[in-house]
Amino acid sequence: MKRIGVTGHRSIPEEAHVHVLAGIRAALCELDGSLEALSSLAVGADQLFADLALAHGAELTVVIPSGDYETSFAAGAELARYRRLKDRAAREVLLDFPHSTDEAYYAAGAYIADHCDRLLAVWDGRPARGFGGTGDIVTYARTLGRPVTVIWRDGVERT
């Protein structure tokens with residue numbers, strides 16, 4: 001089974017959205033055979049990837065950074081989407097952090113990088129805005145020698 005993980009921004013500008021979706025779809029279509037998709041299901045790139053991976057027939061492994069992770073989602077549609085995707089997961093990995101902190105988020109990203117054969121990064125190429133952000137996980141994955149595919153539309157800036 002091939003394992004593909006994701007790291008990415010929570011906020012994807014509208015002008016990059018279609019490009020990001022197409023990039024994730026293309027990366028998934030390049031892979032033949034059984035596929036395991038690893039995601040923390042954060043809003044934005046993680047959830048887009050999980051939706052597309054499930055539609056592609058992948059088994060979803062959810063990496064939960066902390067015991068109180070659900071509190072990081074806004075009530076309503078955001079939390080409902082997280083729970084819906086989590087319910088569809090074949091496996092769940094709960095990390096041993098009681099609270100959602102930058103360290104917990106970094107650990108979740110590192111877990112995904114450690115356990116995938118390829119990492120998709122929905123990333124604008126800029127440094128992380130806080131410890132454990134996308135840039136940090138890309139750097140970590142590259143130090144492991146993990147192949148990283150960056151998906152972003154040139155010229156688009158995050159706000």
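Reader: Tyr 69 and Phe 73, are they buried or exposed?
Author: In this predicted model, both Tyr 69 and Phe 73 are buried. For Tyr 69 the relative accessibility is 2%, and because buried means under 20%, this residue counts as such.

Reader: And what is the geometry of the Tyr 69 and Phe 73 rings?
Author: The ring centres are 5.2 Å apart and the planes stand at 80°, so the pair is edge-to-face.

Reader: Which aromatic pair does Tyr 69 form with a residue of helix 4?
Author: Tyr 69 also pairs with Tyr 105, and that pair is edge-to-face, with 6.2 Å from centre to centre and 65° between the planes. The pair links distant parts of the chain, since Tyr 69 sits in the loop between strand 3 and helix 3 (77–87), while Tyr 105 belongs to helix 4 (residues 102–115), 36 residues apart.

Reader: Is Tyr 105 buried or exposed, or something in between?
Author: Tyr 105 has a relative accessible area of 22%, so this residue is partly exposed. Arg 10 lies over the face of the Tyr 105 ring, at 5.3 Å from the ring centre.

Reader: Which residues make up the aromatic cluster, and how many aromatic pairs are there?
Author: One aromatic cluster is formed by Tyr 69, Phe 73, Tyr 82 and Tyr 105, and the count for the model comes to 6 aromatic pairs.

Reader: Which way do the residues of strand 2 point?
Author: Leu 35, Ala 37 and Ser 39 point one way from the strand, whereas Glu 36 and Leu 38 point the other way, and all of them are buried.

Reader: What does strand 2 pair with, and in which sense?
Author: Strand 2 pairs with strand 1 (residues 2–8) in the parallel sense over 4 bridges, and with strand 3 (residues 59–64), also in the parallel sense over 4 bridges.

Conventions
Residues are numbered from 1 along each chain as its sequence is written. This is a predicted model: local features need pLDDT of at least 70, side-chain atom pairs count only at pLDDT 80 or more; totals for chains, interfaces and linings use all residues. Side-chain values use heavy atoms; hydrogens and water are left out. Buried means under 20% relative accessible area, exposed over 50%, partly exposed in between (1.4 Å probe, protein chains only). Helices (H or I, at least four residues) and strands (E, at least two) are DSSP runs, numbered from the N terminus. Two strands pair if DSSP finds at least two bridges between them. Rings of Phe, Tyr and Trp (its six-membered ring) pair if their centres lie within 6.5 Å; planes under 30 degrees apart count as stacked, over 60 as edge-to-face and the rest as tilted. A charge sits over a ring if NZ of Lys or CZ of Arg is within 6 Å of the ring centre and within 35 degrees of the ring normal.
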